[in-house]
Amino acid sequence: MILPLPADLARLLRELPVLRRAYLVGGCVRDAILGRPLKDFDVEVFGASYEALAEALRPWGRTDFVGRSFGVIKLSLGNAVHDFSIPRRDSKVGPGHRGFDIHLDPHITPPEAAARRDFTLNALMWDPRSGEVLDFFGGRDDIERRILRHIGEAFRDDPLRVLRGMQLAGRFHLTGAPETLACCRELVGTFHELAFERVRDEWFKWAASSTVPSAGLRWIEAAGWLSHFPELDALRGVPQEPEWHPEGDVFQHTCHALDALPDLPAWRDADEPTRIVVSLAVLTHDFGKATCTHTVLRDGRSRIVSPGHENDSARLAAAFLERLRIPRAIAERVVPLVLQHMAHFQEPGERAVRRLARRLAPETVEHLCLVMTADAFGRPPRPRQTPSAVEAIRRIANRLDLARSAPQPLLLGRHLLALGLSPGKEIGRWTHAAFEAQLDGRFHDLNGAHAWLAGHPDFPPAAAARAAETTSEERG
């Protein structure tokens, strides 16, 4: 197999004697077999000490030793950073991810080094000299069969590997091997050992890069770990009205809606934080159905309804994100999308879209349309079709230049001061009233704002006269 290495890295591997027993390892080998673009190149170096490796790499570029305790050296070559590592032996001596005794051992064999990795597809090595893939645990077969299989008993040493399995399953559309899922179920009680930051990071990888997000959710369901995410676990078995949701319960709907996202170009082309935000919004958009769903009699028929579930969904989403220590910059974008995901059931007009864009801030109408589209697509066997109201909202927002930003007030305090109003509460009252009028479409520029003030019966007469003069001057 040919691994397309960057030219400077290929030269380094070819010319540096200390790397004569170096192998490309992990994700780059896996991704090459899958035919995916290669981003990170990790090199494991056998037969050399950490000090000797550091000394040999130093003349080639900037070296960073932040991973010294794990035997890792980061080397900057041009615009890329590559990890070079010394093989190590890990011994579990205590709980948590810090409870390991790490011993660097450059003399262990490649099979021994590969055995400490988590899954067979991550234990592959590539020999840059022969082009041979070293596969000690059947990783290539598992990739072809889309099976996620752990390597051995060392898997139990770090329970985070269960959640790593979640994001790998979602990113590469994998199904857990029965023996691996059984092992994960035995580790359910170790969840408390994990730092929430590490749990969050695995959710972020799943949210940003999944090709089939539901595969990740079904992995943690089969692994018995959904109980650690109670808002998500509560969706299983919550019924939906078959006429509108023929796909099944709310958990099934959530899985289908998430799987729609990678098929939407606007999601695929978005930056990583936005993909995370939209994925988490779709994940949590129906959390409230677990608390709001009930049966009513309508037109002589029994109907399953969830009135107001978007409010409970937003509250539960906020709790879920806070528990995972999701940064505020992400959480404050997710919750408005969840709260407004039913906006297309209201009559779309310019006034409504202005106010919707305002309520969404710091998020946008553009991203809300992604969430609402995924929601609509998540109802098989009904055909994937964007609701006409979503298209109308998108058109109006584009026409008003509000698809990617919230409306900003045209009339500011300094404008009112210039009209003679005194600093204080009156300034705030009139800027608020003016912004409400702006959102209602009463005016569209500063000239219109002054005209609105001049004609308002409650605006102080002297200031109204100055506003009228300003309007005339601006027209002139």
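**Entry 1: Phe119 and Phe155**

I began with burial in this predicted model: Phe119 is buried, and Phe155 is buried too. Next I ran the search for aromatic pairs over the whole structure, and it returned 15. Phe119 and Phe155 make one of these pairs; their ring centres are 5.3 Å apart and the planes meet at 65°, so I noted it as edge-to-face. I then looked up where the two sit in the chain. Phe119 is in the loop between helix 4 (110-114) and strand 8 (125-126), while Phe155 is in the loop between strand 10 (147-148) and helix 6 (160-172). The two are 36 residues apart, and the pair links distant parts of the chain.

**Entry 2: Trp203 and Phe229**

My next stop was Trp203 with Phe229. Their ring centres lie 5.2 Å apart with the planes at 85°, so this pair is edge-to-face. Trp203 belongs to helix 8 (residues 196-209) and Phe229 to the loop between helix 9 (213-222) and helix 10 (230-233), so the contact ties together parts that are 26 residues apart in sequence. I checked burial here as well: Trp203 and Phe229 are both buried. Which cluster do they belong to? I found Trp203 and Phe229 in one aromatic cluster together with Phe191, Phe196, Trp206, Trp225, Phe287 and Phe320.

**Entry 3: Charges over rings**

I also looked for charged ends above aromatic faces. Arg129 lies over the face of Tyr23, 5.1 Å from the ring centre. The charged end of Arg275 sits over the ring of Trp267, at 6.0 Å from its centre.

**Entry 4: Cysteines**

How many disulfides does the whole structure hold? My search found zero. I followed up on Cys255, which is in no disulfide: the nearest cysteine sulfur, that of Cys184, is 17 Å away. Cys255 has a relative accessible area of 0% and is buried. Cys28 counts as buried too, at 3% relative accessibility.

**Entry 5: The second largest pocket**

I listed 28 residues in its lining, and the closest to the pocket centre are Trp244, His245, Met342, Phe345 and Arg379. Which elements supply at least two residues each to the lining? I noted strand 13 (301-305), helix 15 (309-323) and helix 18 (365-377).

Definitions and conventions:
Residues are numbered from 1 along each chain as its sequence is written. This is a predicted model: local features need pLDDT of at least 70, side-chain atom pairs count only at pLDDT 80 or more; totals for chains, interfaces and linings use all residues. Side-chain values use heavy atoms; hydrogens and water are left out. Rings of Phe, Tyr and Trp (its six-membered ring) pair if their centres lie within 6.5 Å; planes under 30 degrees apart count as stacked, over 60 as edge-to-face and the rest as tilted. Helices (H or I, at least four residues) and strands (E, at least two) are DSSP runs, numbered from the N terminus. Buried means under 20% relative accessible area, exposed over 50%, partly exposed in between (1.4 Å probe, protein chains only). A charge sits over a ring if NZ of Lys or CZ of Arg is within 6 Å of the ring centre and within 35 degrees of the ring normal. A disulfide is a pair of cysteine sulfur atoms within 2.5 Å. On a 1 Å grid over the protein atoms alone, a cavity is a set of points where a 1.4 Å probe fits but cannot get out, and a pocket is an open set with protein on both sides within 12 Å along at least five of seven lines; lining residues have an atom within 4 Å of a point.
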